[in-house]
Amino acid sequence: MSAVVWITTAVLIVVLADRAALYAERRGWIYWRMRKPPVNGGAAMGAFGEMQTLLSPSYRHVAEEQQRQRTSRHEQDTGADPLGVDLDAGTVRLRNPLS
(Lines give C-alpha, C1' and ligand atoms only; values in the text may rest on other atoms or scores of the structure.)
Protein backbone atom coordinates (compact mmCIF):
# COMPACT_ATOMS: atom_id res chain seq x y z
CA MET A 1 0.00 0.00 0.00
CA SER A 2 2.90 2.32 0.71
CA ALA A 3 4.20 2.08 -2.89
CA VAL A 4 0.82 3.15 -4.27
CA VAL A 5 0.84 6.24 -2.05
CA TRP A 6 4.36 7.17 -3.15
CA ILE A 7 3.56 6.72 -6.84
CA THR A 8 0.34 8.72 -6.51
CA THR A 9 2.21 11.49 -4.69
CA ALA A 10 4.94 11.58 -7.35
CA VAL A 11 2.39 11.79 -10.18
CA LEU A 12 0.52 14.54 -8.35
CA ILE A 13 3.73 16.55 -7.90
CA VAL A 14 4.62 16.19 -11.59
CA VAL A 15 1.13 17.27 -12.67
CA LEU A 16 1.18 20.28 -10.34
CA ALA A 17 4.65 21.29 -11.57
CA ASP A 18 3.43 21.03 -15.17
CA ARG A 19 0.37 23.18 -14.40
CA ALA A 20 2.58 25.77 -12.66
CA ALA A 21 4.91 25.85 -15.67
CA LEU A 22 1.96 26.30 -18.04
CA TYR A 23 0.74 29.19 -15.89
CA ALA A 24 4.21 30.79 -16.01
CA GLU A 25 4.25 30.32 -19.78
CA ARG A 26 0.88 32.05 -20.18
CA ARG A 27 2.26 34.96 -18.17
CA GLY A 28 5.26 35.13 -20.52
CA TRP A 29 7.86 34.22 -17.91
CA ILE A 30 9.12 30.98 -19.49
CA TYR A 31 8.75 28.80 -22.58
CA TRP A 32 7.33 25.43 -21.59
CA ARG A 33 5.21 23.42 -24.03
CA MET A 34 2.93 25.66 -26.07
CA ARG A 35 5.11 28.59 -27.13
CA LYS A 36 8.46 28.45 -28.85
CA PRO A 37 11.30 30.89 -28.08
CA PRO A 38 12.18 33.45 -30.74
CA VAL A 39 14.49 32.24 -33.48
CA ASN A 40 17.19 34.80 -32.74
CA GLY A 41 17.39 33.75 -29.09
CA GLY A 42 16.33 37.03 -27.55
CA ALA A 43 16.34 37.17 -23.77
CA ALA A 44 16.18 33.40 -23.44
CA MET A 45 19.67 33.14 -24.93
CA GLY A 46 21.17 35.03 -21.98
CA ALA A 47 21.54 32.84 -18.90
CA PHE A 48 20.38 29.61 -20.52
CA GLY A 49 22.79 30.03 -23.43
CA GLU A 50 25.71 30.50 -21.07
CA MET A 51 24.69 27.46 -19.04
CA GLN A 52 24.32 25.45 -22.24
CA THR A 53 27.85 26.37 -23.37
CA LEU A 54 29.24 25.05 -20.08
CA LEU A 55 27.38 21.76 -20.36
CA SER A 56 27.88 21.27 -24.09
CA PRO A 57 30.98 22.94 -25.60
CA SER A 58 29.81 22.23 -29.15
CA TYR A 59 26.81 24.48 -28.53
CA ARG A 60 29.14 27.47 -28.34
CA HIS A 61 30.32 26.85 -31.90
CA VAL A 62 26.74 26.62 -33.14
CA ALA A 63 25.77 29.83 -31.32
CA GLU A 64 28.80 31.68 -32.68
CA GLU A 65 28.06 30.54 -36.23
CA GLN A 66 24.42 31.63 -35.95
CA GLN A 67 25.55 35.02 -34.65
CA ARG A 68 28.07 35.34 -37.49
CA GLN A 69 25.44 34.52 -40.10
CA ARG A 70 23.04 37.10 -38.64
CA THR A 71 25.63 39.85 -38.67
CA SER A 72 27.53 39.08 -41.88
CA ARG A 73 26.78 40.85 -45.11
CA HIS A 74 25.71 38.71 -48.02
CA GLU A 75 26.67 40.29 -51.32
CA GLN A 76 25.30 38.83 -54.50
CA ASP A 77 27.79 39.14 -57.30
CA THR A 78 25.92 39.47 -60.58
CA GLY A 79 29.01 40.22 -62.61
CA ALA A 80 27.84 43.72 -63.58
CA ASP A 81 29.26 46.69 -61.75
CA PRO A 82 26.37 48.66 -60.23
CA LEU A 83 28.38 51.89 -60.38
CA GLY A 84 29.14 51.54 -64.08
CA VAL A 85 32.94 51.69 -63.77
CA ASP A 86 34.84 50.03 -66.62
CA LEU A 87 38.52 49.99 -65.70
CA ASP A 88 39.64 48.37 -68.97
CA ALA A 89 38.07 51.07 -71.14
CA GLY A 90 38.72 53.88 -68.65
CA THR A 91 35.09 55.00 -68.57
CA VAL A 92 32.58 55.73 -65.84
CA ARG A 93 28.85 55.65 -66.51
CA LEU A 94 26.75 57.80 -64.17
CA ARG A 95 23.02 57.34 -63.83
CA ASN A 96 20.53 60.08 -63.11
CA PRO A 97 18.64 59.10 -59.91
CA LEU A 98 15.60 61.11 -61.06
CA SER A 99 15.06 59.19 -64.30
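Me: Which residues form the nonpolar patch on the surface, and what is their accessible area together?
Reply: Keep in mind that this is a predicted model. The patch consists of Tyr23, Trp29, Ile30 and Trp32, and together they come to about 460 Å² of accessible area.

Me: Why is isoleucine 30 called partly exposed?
Reply: Its relative accessibility is 33%. Buried would need under 20% and exposed over 50%, so isoleucine 30 ends up in between and counts as partly exposed. You'll find isoleucine 30 in the loop between α1 and α2 (45-55).

Me: And why does alanine 21 count as buried?
Reply: Alanine 21 has 11% relative accessibility, and the cut-off for buried is under 20%, so buried it is. Alanine 21 sits in helix α1 (residues 2-26). The buried residues of that helix are Asp18, Ala21, Leu22, Ala24 and Glu25.

Me: What does alanine 21 touch, leaving out residues up to four places away in sequence?
Reply: Ile30 and Trp32. Contact here means heavy atoms within 4.5 Å. As for tyrosine 31, its C-alpha is 8.4 Å from that of alanine 21, with the two 10 residues apart in sequence.

Me: How do you know that the reach of α1 is close to the expected one?
Reply: Set the two values side by side: α1, with 25 residues, reaches 36 Å from its first C-alpha to its last, and 36 Å is what you'd expect at 1.5 Å a residue.

Me: What follows α1, and what is its phi?
Reply: That's glycine 28, with a positive phi near 90°.

Terms used:
Residues numbered from 1 in each chain as written. Predicted model: local features only at pLDDT ≥ 70, side-chain atom pairs only at ≥ 80, totals over all residues. Heavy atoms only, no water. Helix = DSSP H or I, 4+ residues; strand = E, 2+ residues; numbered from the N terminus. Buried < 20%, exposed > 50% of the residue type's maximum accessible area, 1.4 Å probe, protein only. Expected span 1.5 Å × (residues − 1). Patch = residues over 30% accessible without salt bridge, like charges linked within 9 Å, V, L, I, M, F, W, Y side chains within 5 Å. Areas by Shrake-Rupley, 256 points an atom, 1.4 Å probe, with all protein chains shown as cover. Salt bridge = Lys/Arg side-chain N within 4 Å of Asp/Glu carboxyl O.
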